[in-house]
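Here's a quick briefing to read with the model open beside you.

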Amino acid sequence: MPSRTERYSIGGYDLDLSVSSGVFNPTTTTQRLADEVKIPAGATVLDLGCGVGPLAIVSALRGANPVFAVDIVPEAIELAKENIKRAGVADKVTALCGDLFEPVKDKKFDLIVNDVSGIADRVARLSPWYPDAVPTGGNDGTDVVLRMLETSPKHLKPNGALYFATSTLSDAAKIVRHAQKVFKDRVEQLSSYRFPFCPEFMQAINELRTLRDEGKVTFEERRSRYIWTLDLYRATTA
Ligand SMILES: C[S@@+](CC[C@H](N)C(=O)[O-])C[C@H]1O[C@@H](n2cnc3c(N)ncnc32)[C@H](O)[C@@H]1O
């Protein structure tokens with residue numbers, strides 16, 4: 001797909017990023033995650049599900065080194081490499097294409113910033129964010145995130161932290177239960193944001209109600225207003 005350059009304000013930095021209609025482009029979730037993640041200087045960071053690389057770039061600009069950025073979509077990694085170079089952090093950030101931890105299988109990190117697809121398949125395809133080439137989170141949005149949670153402790157150093165988001169456009173409660181199973185009582189909710197449905201969701205409201213009845217998503221319905229929620233979490237290793 002042809003790329004274009006757009007300016008985004010993420011984590012206190014104005015970034016000129018190459019994006020395209022074939023990949024996941026940065027959203028409000030990207031900005032909220034960047035605001036939440038605290039990076040000790042010199043921390044080793046993995047940006048998992050990096051898209052075009054904004055969170056890896058912000059991590060490096062804040063002093064993380066080395067930073068690895070992984071995404072399963074080859075075009076996203078090509079654009080991420082371009083963006084990493086343009087941001088002047090190519091000496092710190094390595095972008096790799098592959099499934100979850102596979103490209104960094106022998107590495108451990110101080111921080112993992114997880115942003116792999118966590119939205120129910122049907123909702124993702126209705127949304128403006130997920131072009132066909134970008135994998136979704138499966139039937140109820142939890143497939144990739146549950147796999148990530150299972151393997152992440154192996155890739156965290158002692159006192160390491162995993163940041164992750166849940167969205168009620170998936171079975172968010174299932175994700176949190178799984179995180180608590182893996183990390184026990186070391187899972188902390190950091191913040192919560194509510195967003196109105198985008199026009200694409202409003203047009204498909206009956207289908208979304210059916211998905212809600214099936215327990216795959218949840219959202220608030222107040223008169224003619226429909227709201228989904230994004231929650232940010234940190235899980236830590238002992
Ligand atoms: C919600 S987007 C986040 C992108 C980026 N972090 C941002 O904020 O712009 C999710 C990303 O996870 C990637 N992804 C989905 N499944 C994956 C997997 N199994 N392994 C690695 N990346 C994956 C998608 O290609 C997509 O770029």
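By class, the shell around the ligand holds 14 nonpolar, 4 polar and 3 charged residues. (Nonpolar means Ala, Val, Leu, Ile, Met, Phe, Trp, Tyr, Cys and Pro; charged means Asp, Glu, Lys and Arg; the others, Gly among them, are polar.) Keep in mind that this is a predicted model: local features need pLDDT of at least 70, side-chain atom pairs count only at pLDDT 80 or more, and totals for chains, interfaces and linings use all residues. Numbering starts from 1 along each chain as its sequence is written.

**Around the ligand**

- Of the 21 residues around the ligand, the ones that come nearest are Thr-30, Gly-49, Gly-51, Ile-72 and Asp-115; a residue is near a molecule or strand if its C-beta atom, placed from the backbone, lies within 6 Å of it.
- Two elements give two or more residues to this shell: helix H2 (54-61) and strand S4 (67-71). Helices (H or I, at least four residues) and strands (E, at least two) are DSSP runs, numbered from the N terminus.

**H1 against H2**

- Helix H1 (residues 28-36) packs on H2 at an angle of about 25 degrees, and the axes are 10 Å apart. Axes are lines fitted to C-alpha atoms, for helices over the stretch in contact, and angles run from 0 to 180 degrees between N-to-C directions.
- That angle is why H1 and H2 count as roughly parallel to each other; the label covers angles under 35 degrees, with over 145 being roughly antiparallel, 65 to 115 roughly perpendicular and the rest oblique.
- On the H1 side, Thr-30, Leu-33 and Ala-34 meet Pro-54, Leu-55 and Val-58 of H2. Two residues are in contact if their C-beta atoms, placed from the backbone, lie within 7 Å.
- This H1 and H2 contact divides into 5 nonpolar, 1 polar and no charged residues.

**Inside H2 and just after it**

- H2 is mostly covered, with 8 of its 8 residues buried. A residue is buried if 20 or more other C-beta atoms lie within 10 Å of its own, exposed if 12 or fewer, and partly exposed in between, with C-beta atoms placed from the backbone.
- Ser-59 sits in H2 and counts as buried because it has 29 C-beta neighbours inside 10 Å.
- Leaving aside neighbours within four places in sequence, Ser-59 is in contact with Ile-39, Val-45, Asp-47, Ala-64, Val-67 and Val-113.
- Just after H2, Gly-63 takes a positive phi of about 115 degrees.
- A cis peptide bond joins Asn-65 and Pro-66, with omega at about -5 degrees. Pro-66 belongs to the loop between H2 and S4.

**H5 against H6**

- Helix H5 (residues 143-151) and helix H6 (residues 172-183) have axes 9 Å apart and pack at an angle of about 10 degrees, so H5 and H6 are roughly parallel to each other.
- Val-145, Leu-146, Leu-149 and Glu-150 from H5 meet Ile-175, His-178, Ala-179 and Val-182 from H6.
- By class, the H5 and H6 contact has 6 nonpolar, 1 polar and 1 charged residues.

**Positive phi outside glycine**

- Asn-159, in strand S7 (residues 156-167), has a positive phi near 60 degrees despite being a residue other than glycine. Asn-159 counts as exposed because it has 10 C-beta neighbours inside 10 Å.
- Lys-184 is not a glycine either, yet its phi is positive at about 55 degrees. You'll find Lys-184 in the loop between H6 and strand S8 (187-196).
- With 10 other C-beta atoms within 10 Å, Lys-184 is exposed.
- Lys-184 and Ala-235 are 51 residues apart along the chain, and their C-alpha atoms are separated by 9.0 Å.

**Trp-228 in S10**

- Which strand holds Trp-228? Strand S10 (residues 225-236) does.
- Trp-228 is buried, with 23 other C-beta atoms within 10 Å.
- Trp-228 and Ser-167 are 61 residues apart in sequence but 7.4 Å apart in space, C-alpha to C-alpha.
- Setting aside neighbours within four places in sequence, Trp-228 is in contact with Ser-167, Thr-168, Leu-169, Phe-195, Phe-197 and Phe-219.
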